[in-house]
Amino acid sequence: MKTGRPELTPTAIMAGKLLAQRLFGQSSDLMDYNNVPTTVFTPLEYGCVGLSEEEAVARHGQEHIEVYHAYYKPLEFTVAERDASQCYIKMVCLKEPPQLVLGLHFLGPNAGEVTQGFALGIKCGASYAQVMRTVGIHPTCSEEVVKLRISKRSG
């Protein structure tokens, strides 16, 4: 039965722990199924957290969404001369400043690690402005996220 909740082992483990804490009176916290990060571990990893572009548009309207995106070349692809044409990042934000980040989509090496790191920021209500003021660790794939400057709207 499809519930709209992510069917992921770590999600089930956390929900189970929270249930046990509620049953034994240690907490009243419920599982938050919003902004659960996930990764598809294929040869070129894909990680995401938050809303897709389509979900954001459906929820907020096209005129209220700004999508920043970029293709990038990971350092480890340079020496091996691997094709980096599919390494891609997309950050979905509200258009109105401070541009709350609604979703992050990352296609490339270490996508799981990158997505996990940004999941906390999105869960805490990070804005595009805050992400742009974050110093990237060089040379990593995750630094590409803090360099996103081109939006689909700007061309």
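**Close-up views of a predicted model**

**View 1. Q99 and Y68 meet through their side chains, in a polar contact of 3.0 Å.** The model shown here and below is predicted. Q99 sits in the loop between β4 (88-94) and β5 (101-107). Its relative accessible area is 13%, so Q99 is buried. Beyond its neighbours within four places in sequence, Q99 touches E66, Y68, C93, L94, S127 and Y128.

**View 2. E53 pairs with K90 in a salt bridge.** The closest N and O atoms are 2.9 Å apart. E53 belongs to helix α2 (residues 53-60) and K90 to strand β4, so the bridge links distant parts of the chain, 37 residues apart. E53 is buried at 14% relative accessible area. K90 is buried too, with 14% relative accessibility.

**View 3. E53 also forms a salt bridge with K152.** Here the closest N and O atoms lie 2.7 Å apart. K152 is in the segment after α5 (128-132) and E53 in helix α2, so the pair ties together parts 99 residues apart in sequence. K152 is partly exposed, at 39% relative accessibility.

**View 4. E66 and R153 form a salt bridge, with closest N and O atoms 3.3 Å apart.** E66 lies in strand β3 (residues 65-71) and R153 in the segment after α5, so parts 87 residues apart in sequence are tied together. E66 is buried, at 8% relative accessibility. R153 is partly exposed, with a relative accessible area of 44%. Elsewhere, salt bridges with shared partners join E53, K90 and K152 into one network.

**View 5. L19, L23 and F24 make a nonpolar surface patch of about 370 Å².** F24 is in the loop between α1 (9-23) and β1 (38-40). F24 is exposed, with 68% relative accessible area.

Conventions: Residues numbered from 1 in each chain as written. Predicted model: local features only at pLDDT ≥ 70, side-chain atom pairs only at ≥ 80, totals over all residues. Heavy atoms only, no water. Helix = DSSP H or I, 4+ residues; strand = E, 2+ residues; numbered from the N terminus. Buried < 20%, exposed > 50% of the residue type's maximum accessible area, 1.4 Å probe, protein only. Polar contact = N/O pair within 3.5 Å; in protein donor to acceptor, adjacent residues only side chain to side chain. Contact = heavy atoms within 4.5 Å. Patch = residues over 30% accessible without salt bridge, like charges linked within 9 Å, V, L, I, M, F, W, Y side chains within 5 Å. Areas by Shrake-Rupley, 256 points an atom, 1.4 Å probe, with all protein chains shown as cover. Salt bridge = Lys/Arg side-chain N within 4 Å of Asp/Glu carboxyl O.
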